[in-house]
Amino acid sequence: MMFLAGFAPFQPTPGLALWSLIIFLLFWAVMAKYAFRPMMEGLKKRESDISNALAEAQKAKEEMANLKAENESILAEAREERATMLREAKETKAAIIAEAKEKAREEANRMTSTAKMEIENEKKAAMIEVKNDVGNMATEIAEKILRKELKGSPEHQSFVNTLVGEMNMN
Amino acid sequence: MLRILAIVAILMAFSPSLTSQADKNGLKKAKEQTHQGHDHSGHNHGHDHSGHNHDHSGHNHDDHKGHDHGHKHDDHAGHNHGAHNGDHGHGDHGHHPHYHVTDYNKDCGVAVKIDNPEPSYDPTATAIHHISDANVWTIMDMVRVPLPAIIYNKDRGMEFFSTGKFQAGHHDNGHYGYKDYVLFEGNIHRITCPAFDAKDKYEVQGFDKEEMVSAAGKNYEKKFAIINNKAYNIEQKTIWDGGMLGGTPSSFIDLSPTKNVVSMGLVSLILFLLFRKAVKKYQGAPNAPSGVQSFLEPMFQFIRDDVAVPFLGDKHEKFLPLLMTIFFFILGLNLWGQVPFLGNVNVTGSLTVTAVMAIVVFILTNINGNGDYWKHILWPPDTPWFVKIILIPVELLGMFIKPLTLMLRLAGNISAGHIAILSFVGLIFIFGKAGTNMAGSLTGTALAIPLTMFMMAIELIVAFVQAFVFTILTASYLGAATEEHHHDDHH
């Protein structure tokens, strides 16, 4: 210790001790309240903010993935539906066309058959008319002939009626 | 590594004083023989000394003694002649007259002799002066800021005045006295002589000091102020060292806000403003750190995550403000002391300041100590009785040794760094023969610049390391005092 004699920085002096105690305690009190505790809280807040933000980002990412999957499925469904609709429309179209064709054919057939029937009827009517006309004409001719040859014989009369009746039957 | 460097620096700083002390003792004998030689030849006794040109130029400190032919050598019995460092230490004092007190055992109005010594340079005294606390703040030996003086005088009570009244000059010695106060080497001293006519302003011509041994066998420096060509003993402020470090009982207590006190206040204020600026950024929307916040925050987080949490665990929030206070207070003051040309402020190298912090830590450790802590000290568990006999005193001593090491480590490291830098700068004066040899000065400068730069870089690291070490040890002491033990699990 001898060589430290007169080494002023190591001499404990009451004035410096008192002042350093006051300043140190004051510095401690003021800095704790206005600097260190706010900084501590600020850092803690920021750290929790960051971890929250990271957790939220993770959650958002997961949600996005979910949403994407959902979208995909919706899209796939829509595509499926479209395909179905298209197929159905095609089928419907084919069916309609087929039906229309069928109907047209039926109509045509019906018209054809009606026409045939009408023709047949017309033909029959014409035939009957022709027969009647031919009968009348034949009767008239025959009458005229017979008037001349068979004047007033009853046996001839009934014979002629029988013949006319047979003709009508045909 | 850093500790080794610090110890080397301390040894380097003190070795000149040790060796020169030894040299002086050796030279003293040689000198007395020389004097006797003169006595026999009967030359110039009691005359003006200017004519004497003894071949002592190689020994700076002994230059003056060669001239003391007017005195009986018996007067100096018990004195150490090697310590006439009074008013010279810088090389620029060659033209200043140097006063020698003729009888160092007297106190009042002692006759003085004047000489014009060769310029000399004492690196030890210069370094110690530069790192000591002072009542004036000297910047580059040009600007002297007077500080308020608050003195508790045991005879007159409290006294307030400005140290501007002393009109400090070279070496922070006051040119004028105020009442019975004078300013010597930056510190207020009081003239002890009751018969001294203490006016409000009087001229102080110079100072002298001499190393003495007190009646109790302690070494101390006896100092004198020279007023009206008479020397008056002056005493320093009260120092609480029990005479171990050159302190003497004193009639006044200096409570002035000194250079160190003002530095502490300024650094505290700067830190407060910096932190307020940083803390404001935590308010409002969360944002990335910027500005001063980016500088303070990593240190804050480092102390929190690597010092407080590992030692204190869940309780770290309770002690965090204390640890931060210690870290930033010490770091700020360490760095403040590193600023060149700012006056070599050596606050954290001052044992008083580190002692106060160590005492605060000691008190906090012990009032926060839980049952387990006290049990470990007073009745160590799981140890046989004969081990307890050894362990209890060791533990009790350890309680006090812990804060003591805190106090000494910081003060020693920082003072050592300051001394090392000043010693390297001192090379300029040593090589330059106290400024008289231009070539030598240039050689010294060429050496001093790289060495000082290296030392400053080391000191910058030391500033951080020592602040960190004080903080981590505080955390470990607090951690040990508050730790919950489970004796069933370990031991």
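Modeller: A quick definition to start: a helix axis is a line fitted to C-alpha atoms over the stretch in contact, and angles run from 0 to 180 degrees between N-to-C directions.

Biologist: Good, I'll keep that in mind. How far apart are the axes of α3(B) and α4(B)?

Modeller: Their axes lie 9 Å apart, and the two helices pack at an angle of about 100°. That makes α3(B) roughly perpendicular to α4(B) (the label covers 65 to 115 degrees; under 35 is roughly parallel, over 145 roughly antiparallel and the rest oblique).

Biologist: Which residues of α3(B) and α4(B) make the contact?

Modeller: On the α3(B) side they are Leu274(B), Phe275(B), Lys277(B) and Ala278(B), and α4(B) brings Val292(B), Gln293(B), Leu296(B) and Glu297(B). Contact here has a cut-off: C-beta atoms, placed from the backbone, within 7 Å. By class, five of these residues are nonpolar, one is polar and two are charged. (Ala, Val, Leu, Ile, Met, Phe, Trp, Tyr, Cys and Pro are nonpolar; Asp, Glu, Lys and Arg are charged; the others, with Gly, are polar.)

Biologist: Where do these numbers and letters come from?

Modeller: Residues count from 1 along each chain as its sequence is written, while chains are lettered from A and ligands numbered from 1 in the order written. This is a predicted model, where local features need pLDDT of at least 70 and side-chain atom pairs 80 or more, while totals for chains, interfaces and linings use all residues.

Biologist: Back to α4(B), then. At what angle does it cross α9(B)?

Modeller: Roughly 25°, with the axes of α4 (residues 292-312) and α9 (residues 438-482) of chain B coming within 8 Å. That makes α4(B) roughly parallel to α9(B). Among the residues that meet are Phe311(B) and Leu312(B) in α4(B), with Ala475(B) and Leu478(B) in α9(B). This contact has eight nonpolar residues, three polar and no charged.

Biologist: New topic! How many residues does chain B put into the contact with chain A?

Modeller: Chain B gives 57 residues, and chain A gives 39. Helix α3 (residues 259-280) gives the most to the chain B side, with ten residues. That side divides into 32 nonpolar, 18 polar and seven charged residues.

Biologist: And strands? In what order do β5, β6 and β14 of chain B sit in their open sheet?

Modeller: The order is β6-β5-β14, with antiparallel pairing (strands pair when DSSP finds at least two bridges between them). Because β6 (157-162) and β14 (252-254) stand at the edges with a single partner strand each, one side of each has no neighbour in the sheet. From one strand to the next, the twist averages 25°. Six bridges join β5(B), residues 148-153, to β6(B), and Pro148(B) stands opposite Ser162(B).

Biologist: What about β13(B), how many bridges join it to β12(B)?

Modeller: Five, and the two strands run antiparallel. They form a hairpin with two residues between them, where Asn228(B) in the turn has a positive phi of about 55°. β13(B) also has two bridges to β2(B) and two to β9(B). Across from Ile234(B) in β13(B) you'll find Ile191(B), and Phe224(B) stands opposite Asn233(B).

How values were computed
Helices (H or I, at least four residues) and strands (E, at least two) are DSSP runs, numbered from the N terminus. Two residues are in contact if their C-beta atoms, placed from the backbone, lie within 7 Å.
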